[in-house]
Each structure stands twice: as C-alpha cells, then as structure tokens.
Amino acid sequence: MTSTTARLTVQADQPKAISPDLFGIFFEDINYSADGGLYAELIQNRSFAYSSADNPDWNFFTGWELVSGGGTCSIALGTDAPIHPNNPHYLALNVDGAVGLRNTGYDGIVINAGATYDVALFAQMLAGTIGALTVRLEGRLGEVLGEAVLPAPTGTWTKLTTALVATGSDNHGRFSVQVSGAGTVALDVISLFPRATFRNHSNGLRPDLAQVIADLKPRFIRFPGGCLVHGDGLGNMYRWKDTIGPIETRKEQFNIWNYHQSVGLGYFEYFQFCEDIGAKPLPVVPAGVCCPNTGARYNGLWEQGQCGIPLDEMDDYVQEVLDLIEWANGPVDSPWGAKRAAAGHPEPFNLEYLGVGNEDRITDVFKERFLLITNAVKAKYPEITVIGTVGPRPEGEDYEDGWQFARDYQIPMVDEHGYKSPDWFWDNLGRFDAYDHSVSTTVYLGEYAAHDMGRRSTLRSALAEAAYLTTLERNGDIVRLSSYAPLLGKQRRSQWEPDLIYFDNTNVYPTINYYVQQLFGVNAGESYLPTSLISADDKTLAASTVVEVQSGDLILKIVSRADVSVELQIDLAGVVNLQPEAICTVLSGAPLAENSYSFWHTHIVKPETRPLMVAPRFSYTVPAHSLSVIRVRTR
Ligand code: AHR
C-alpha cells in the first residue's frame, strides 16, 4: 500500500476560546542548565562554596588549581569575617614568592579573540604583604590571551574589577590570578563574564542558549524547578530571597541533581529573562514540604522522605511567599517593591501565576501547609492564579488525592506530570476530552515527554508529543498551560534524558522534539475550531485547528504516525474569506530518526516550509511520520 485516505472537517462557525498561554517552557537547574549553561558566568566555584554536600568528590577548591610561579603557598578555607553572612567561605591563600591560582571553568573557558571579558573579585589582606594581582585569560597551554593588573589588596574586603580583551581564541581556555608577596590574602567571588550576554545585561545569560529558548516563543516560563524547588531536605528548599541582590550576598547551596547552585541566575534574572522574551513568569515555591525522595539516594527509601516546615515557622514562610508577590508586583514604595526597584526594575513584573509545590505527596502534612500558604495568597492577592500539584504521574494515589483535594478546596489550577512511552501518548489522545469541563480547577501540564526506547529524542517521540498537543488545543478551555521537561541538557553533564535542547560550551543542538514545541509555539491561537477526522485507523492521525486572533489566520495541525502517506480531504467550507495561498510547514522523516550534530555525522530533521494552494475543499497529502502545519489566511 502506498497511501490511504481520510477526511478532515473544520467547523469554522463554532469557535471556542482557549488559553492564550497554552505553550510555555519549564526551566530547571538540572543537567547544568544554569551554572555552566544558561548563566554566562565562566568561573566554576567562584565563591569556594563547593563541598561534599554537592558531590562526594568535591571540596572548596574544586575547579581550581595552584600553579607555581617559583614561590610556595598553602590554601585554607577561610570563615572568619566573610564578605556577607550568606556567603560564609572564602579562600585564604598564604604565599611566599609568586604563585598562580587557575580556574578551568566548566570543562574549559571559551575565549574568543576580540571579545571583552569582565573580571571582578573580592580581596582582603589577612597578614603580611601581597602586591598587585595580575589576572589573565590563558589558552589551554598556558599562553596569555589577555592580562590586566589589579591593585594590591588592602585590609578590608574590596571588590576589584577590570576588563580584558582577548588577543586569541581557545574553546578550552583558562583564567588565572597571579599573586606575589609574603603573607595571606583572602579571595572570594572571582568572576569572569563575557561582556556580550543576552540583551547585554550584567550578570546575564549566554546569548545563543537564551535565543534558542526565545525562538520557541514561550508564553510563560516555569522556574526554578522541579525537584530543585522542594529540595533534598528542608534546608535545601529553594528560598527565593536567598537568590536576589548582589551576587556576593546570595546563599549558594547544593543542587539536588548532585552538583551546585550558585544562584547567580536568581529570581531577578529569571523575571528579567521572562520579560526579555515576552513570556509570563511562573515561579514555583515549595509548599512548605521537602521532596518526598529526600535522602533516598543514600538510604533507598523513595517517596518516604517528605517532612514539613515546623508549624510555628509557617507564619514566616507564608510571609516569604507573600513578599515574593509584593517584590514582583508591588509599588516602588512598598518594602519589597522597593528592592525590585533598587535592582533596576521599578516597573512591576506583572506576576499572574504562582506554583505552590511540585510532585509532593498529598499527605496531611502537605495539605495543612499548602492551605496556609494559598489561603493567605488568596486573601491578599486574589488576582494571582495559584497552581497546586497532583504528584509525579498522570495516575495513581497522589494524582487521585491531589485532584480530590483541588476539587474540595477549589484550587484554580493543578500541575500534572507525565513521562510516558510514545504509544501512551497516542493511546491517551482522549484523556482531556474525558475530564469534567465544568469544574473550576483547570490543568497545567507542567512536565511531560514521550520517552522512546533508550530515552532517545526520536521523531517517533516528537510526533507522539505533537499528537498530544493537538488535544491540548482541543481542550484549551481547561488545559491552560503546558511545558515539556526538561528543557536543557549539557552534553556529558546530564542527569536526565531526554532533554529538549542539548548544548555544550560553544554550540546548541535542538532535538526534533524542540521543533515540535516551536511549531506549536509560533502557531498558537486563542480560539479552537472543532476539527473532526474520519479515517480507517483512528490511532494514526491527530489534528486540531486554531485561530490566531491578531492575524486572523486559521492554523491546521495534522500529525501522522502512519507508515504511508495519507490523502486527506480537507473541508474548510465554512471559513469566511478563505485566501487561496497558504503556508505549509512540515516536519517528517524516519520514525527512529534523531538529530545528530557530530563532526562525523550531521543529520538534522527540522521543519521545511513551502506555499500551498488551498480551497474550501481541497486534498492534502499527509507525509508518512509527519507533523504538518497549514497556515491559512482569511484577510
Ligand atoms: O524534569 C525533571 C524532574 O522530573 C523534575 O525535577 C521533577 O519535577 C520530575 O520528577
């Protein structure tokens, strides 16, 4: 058989309003997504804050090495009189003669000839006499690619800054501080930033990674997690106040994904990024409980580690959540709005959504704390849409209990998660049709991905996701938000596969799944037109039609997992003022194809666009294993 037939009818006279925010993204600092990834800082362990809590093999000097300049030296972890109580450690370097302190970044520092690099460090003389400090960009063999001299440290903590213009390039470069004299100097927060960041913000983001994210046209960004939010124990929860202000005053901590969070990419930077790319911020705060898997990597007790913030500390915690809303939206003369203004953003960030909790077990401990938080938010900020949680899976005890709890307390929205096989997605295309559309609780599909064999990012997985996304459009009255997970994965530093976008220090590698997300993001609509499909096999095709209000365009999406092409008779007879010249974008290939960017083998499946003539009734050949997006003009 070379082809088959099917019929698709669009009822243009029955538009249904759907969520304008349906397609967004979820950013979590997993897989080195933030430090070593999107956050453009080039120095690893800039504050000597690494420890065995991050990773059993690490200590305060991880990422650094000493280089003899002819002198001798010793190092110690300094704790007396740090720069700030939130940043309690520094390097105490005792030298006699000349020595170098070298950082190799995150698998090397990318140095580009002609580019400017901003250097900043804090120094203080503790004993003896230390001379001027020399900072250097170095190639992998130690060749000097830029050098400047900073003043000699004094008896008080002083921030010393300079800029270096690279005289050569090396993707595996290094950075060093040359110290000479006889005495002990304290060093901390040694930072090296490329001047060119996304939108040129200081303490900013890597431009290529930020841009590939922006190109998804996400309507919102959920951050900072994930499991990262509720943390491996109460002490590891992500507390937003620890992540704002000058970087030397932020509170670093271990990352639940077995590395370290500098929180240099903190709440201000997250909100700023949202604003930069026109996405609504969707911060998630812990629901007053830690991850149910706390300690499990050591004791093997999965889903049994949840504990709650003591009730006598909950007033303070609830206030912390309320303060976040004031920080985001409050006037500049409010206490927290003033802090936002002082950071350079007097205008409000227009926070609309707030996630409370992530994949928590729906226990009494959870419920009590969740209600304390959300009742306070509802009372003070009724305009905020609070998003609850219904566990880690799209079925099971926490899912059932979470939904019952949401219905009982009329939680506006809940965050559903689902990592499943491609077949599961195709088998569940009717899932949200079967939901009760009259209940007040709506759905955020906050984490999902089709996990193919070997957790590979195949076209088959991408098309399963695409088919499912057509059902979100169809049910866009109750499914208000969605985001694939995880977003980023650094090659050879990843803890979770698959990820939407892979990257290394110099390149980004979008998966086929990325292009599916992008096609839905740039072709989203605000109303849905009932779209019926009649075919011999209802498990191989999926379709939806939306209208983009601003342009008036009608956008059809057709997904096929058939092994042969399908001759599709499309009926748009009810569309007023249909224009014959449409644009058709197709993503297709072999079902097990994956995007491969290696030096030896580059194979990239990505969308191709061409003009397409359409009519009130026309025939379209749906390629085997494909997503087609047909944009029809009506003006
Ligand atoms: O997306 C990766 C992880 O999956 C998230 O941190 C967590 O919420 C889920 O279990």
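Modeller: Let's start at F405, which counts as buried because its relative accessibility is 4% (buried means under 20% relative accessible area, exposed over 50% and partly exposed in between, with a 1.4 Å probe and protein chains only). Before going on, a word on provenance: this is a predicted model, so local features need pLDDT of at least 70 and side-chain atom pairs count only at pLDDT 80 or more, while totals for chains, interfaces and linings use all residues. Residues are numbered from 1 along each chain as its sequence is written, and side-chain values use heavy atoms, with hydrogens and water left out.

F405 sits in helix α8, residues 397-408 (helices are DSSP runs of H or I with at least four residues, strands are runs of E with at least two, and both are numbered from the N terminus). Leaving out residues up to four places away in sequence, F405 touches I362, F366, K367, F370, L371 and I411, where contact means heavy atoms within 4.5 Å. Take I362: this residue is 43 residues from F405 along the chain, yet 8.3 Å separates their C-alpha atoms.

Now to D232, in the loop between α2 and β14 (253-255). At 14% relative accessibility, D232 is buried too. The side chain of D232 makes a 2.9 Å polar contact with that of R297. By polar contact I mean a pair of N or O atoms within 3.5 Å; within protein, one has to be able to donate a hydrogen and the other to accept it, and residues adjacent in sequence count only if both atoms are side-chain atoms. R297 is also among the residues D232 touches beyond four places in sequence, along with F254, I256, N293, T294 and G295.

On to the sheet. Eight strands make an open, parallel sheet in the order β3-β13-β16-β17-β18-β19-β20-β21. Its edges are β3 (25-26) and β21 (479-482), each pairing on one side only. Two strands pair if DSSP finds at least two bridges between them, and β3 has 2 bridges to its parallel partner β13, residues 220-223.

The residues around the ligand are F26, E28, G226, C227, W257, N358, E359, Y419, E447, A485, P486 and W496, with a residue counted as near if one of its heavy atoms lies within 4 Å. By class, this shell has 7 nonpolar, 2 polar and 3 charged residues; Ala, Val, Leu, Ile, Met, Phe, Trp, Tyr, Cys and Pro are taken as nonpolar, Asp, Glu, Lys and Arg as charged, and the others, Gly among them, as polar. Taken alone, the ligand exposes 280 Å², and the protein buries 95% of that (areas are from Shrake-Rupley with a 1.4 Å probe; for residues, only the protein chains shown count as cover).

S19 is in the loop between β2 (16-17) and β3, and at 2% relative accessibility S19 is buried. A polar atom of the S19 side chain lies 3.0 Å from the backbone nitrogen of D21. Apart from neighbours within four places in sequence, S19 is in contact with G476, V479, R480 and G525. In the loop between β3 and β4 (64-68) you'll find N45 and F48. Neither is a glycine, but phi is positive in both: near 60° for N45 and about 55° for F48. N45 is buried at 3% relative accessibility, and F48 is buried at 0%.

Finally, two cis peptide bonds. One runs from F223 to P224, with omega near -5°, and P224 is in the loop between β13 and α2 (227-230). Another joins E497 and P498, with omega about -5°, and P498 lies in the loop between β22 and β23.
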